[in-house]
Amino acid sequence: MRYHTPTSFADAAAIAVAAKGTLRFLAGGTDVLVQMRAGAVLPDDLIDLKHIPGVDQITRTAEGGWRIGIAVPGIVLGAHEDLVRDWPGVVEGMNLVGSTQVQGRATLAGNLCNGSPAADSVPGMVAAGAVVTITGPNGSRDLPVEQVPTGPGRTSLAKGEVISAITLPPRGKNAGDAYLRFIPRTEMDIAVVGCAASLRLDGDKVVEARIALGAVAPTVILSEAAARAIIGTTLDDKALAALAKAAEAEAKPISDKRGTKEFRIEVAGVLARRAAKIAYDRAKGLKA
Ligand SMILES: Cc1cc2nc3c(=O)[nH]c(=O)nc-3n(C[C@H](O)[C@H](O)[C@H](O)COP(=O)(O)OP(=O)(O)OC[C@H]3O[C@@H](n4cnc5c(N)ncnc54)[C@H](O)[C@@H]3O)c2cc1C
């Protein structure tokens with residue numbers, strides 16, 4: 001195995017595009033190193049991204065959003081008060097990943113690119129309208145987060161492409177987000193269903209909504225029907241019931257040892273309702 005330590009994304013992309021055989025990037029390593037130890041993945045080239053300047057930084061964008069370096073671990077996100085104030089749902093999704101030890105290493109980009117349909121940080125990023133910057137052999141491009149995973153363990157990144165940053169849009173006023181997951185035990189488990197909601201209010205009325213469902217399809221679902229069910233409402237019981245119904249209709253899960261298809265569909269509705277309510281309360285400043 002060749003271990004590389006590029007000091008720029010352009011160099012990382014050049015190494016990646018020239019590589020033959022199995023290639024992996026190394027961010028926190030909490031997926032890659034476990035897969036290597038288990039013998040499931042044996043990379044010919046392992047490109048460590050942590051030597052690139054700025055990858056451990058969280059900075060304000062000129063527009064008032066956030067640019068998150070691809071090696072920023074969950075624990076640093078959770079300790080960043082301004083970021084948490086703007087995007088509590090994005091951060092709580094990432095902070096549900098693993099244990100304290102895992103939090104010290106695991107990154108948003110790694111969670112996204114590992115391609116698990118149950119990845120906990122992805123619904124929150126999708127609901128937030130997060131965008132990744134991708135650097136490749138021919139330069140850089142931006143892509144909405146929901147267009148990165150294409151199925152279990154797969155992404156839309158072309159050979160030689162690497163995510164060089166994640167950007168969250170400006171939060172603005174009267175807005176809130178939230179992420180909830182169901183697991184059969186209290187922690188250290190994989191989401192049976194996950195749901196993130198991001199809302200903006202005008203007075204008591206919902207004027208913008210993005211609802212993302214995780215672990216109920218091969219990739220995260222951004223449900224326009226679920227958003228439509230609550231836009232224009234005050235999130236009263238009728239709107240919450242319509243939201244749950246829309247989320248249930250959108251969920252296309254499989255049955256496995258952690259939950260049947262029917263159970264997952266029902267839980268998708270329950271979590272959509274609860275996540276939207278938390279996001280609504282946060283938008284009103286009623287809940288941290
Ligand atoms: C004990 C334990 C518990 C866990 N619990 C959870 C959990 O509750 N929820 C959950 O969602 N996950 C969980 N995970 C999985 C893992 O921790 C997360 O997916 C984590 O966010 C991966 O991030 P990383 O930086 O460690 O990725 P890495 O292991 O470094 O990389 C993961 C994948 O992403 C690719 N990659 C990394 N960075 C980039 C980049 N910048 N551009 C392109 N590709 C890139 C790599 O090539 C690799 O394929 C757990 C893992 C462990 C070991």
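Me: Helices (H or I, at least four residues) and strands (E, at least two) are DSSP runs, numbered from the N terminus. How many helices and strands are there in the protein chain?

Reply: The protein chain has 11 helices and 14 strands. This is a predicted model: local features need pLDDT of at least 70, side-chain atom pairs count only at pLDDT 80 or more, and totals for chains, interfaces and linings use all residues. Residue numbers start from 1 along each chain as its sequence is written.

Me: What makes the radius of gyration of the protein chain agree with a compact globule?

Reply: The radius is taken over C-alpha atoms, and the globule rule is 2.2 Å times the number of residues to the power 0.38. For 288 residues the rule gives a value near 19 Å; the protein chain has 19 Å, so the two agree. Along its principal axes the C-alpha trace spans about 60 × 45 × 35 Å.

Me: Why is Leu-112 called buried?

Reply: Buried takes 20 or more other C-beta atoms within 10 Å of a residue's own; 12 or fewer is exposed, in between is partly exposed, and C-beta atoms are placed from the backbone. Leu-112 has 24 such neighbours inside 10 Å, so Leu-112 counts as buried. Across the protein chain, 46% of the 288 residues are buried.

Me: What is Leu-112 in contact with, leaving aside neighbours within four places in sequence?

Reply: Contact means C-beta atoms, placed from the backbone, within 7 Å. Leu-112 sits in helix α7. Its partners are Ala-119, Val-122, Val-145, Val-148 and Pro-149. Of the contacts in the protein chain with a separation of 6 or more, 64% join residues 24 or more positions apart.

Me: How do you know that the buried residues of α1 are on the same side?

Reply: Helix α1 (residues 9-18) has Phe-9, Ala-12, Ala-13 and Ala-16 buried. They cover an arc of only 95° around the axis, which puts them on the same side of α1. The arc is that of the directions from the helix axis to the C-beta atoms. An α-helix has 3.6 residues a turn, so residues three or four places apart point the same way. The buried residues of α1 pack against β2, β3 (45-48), β6 (131-136) and β10.

Me: What makes a residue part of the shell around the ligand, and which are closest?

Reply: The ligand has 30 residues around it, the closest being Gly-28, Gly-98, Gly-110, Asn-111 and Cys-113. At least two shell residues come from each of β2 (23-26), α2 (32-37), α7 (108-113) and β10 (162-168). Helix α7 gives the most, with four.

Me: Where is the protein chain divided into domains?

Reply: Domain 1 is 2-48 + 57-168, and domain 2 is 175-283. These bounds come from an automatic or database domain assignment. The C-alpha centres of the two domains lie 24 Å apart. In domain 1, 25 residues are in contact with 25 residues of domain 2. On the domain 1 side, α5 (88-95), α8 (122-128) and β8 (149-151) each supply at least two residues. The largest share, six residues, comes from α8.

Me: What makes α5 mostly covered?

Reply: Seven of the eight residues in α5 are buried. They are Pro-88, Gly-89, Val-90, Val-91, Glu-92, Gly-93 and Met-94.

Methods: Near = placed C-beta within 6 Å. Contact = placed C-beta atoms within 7 Å.
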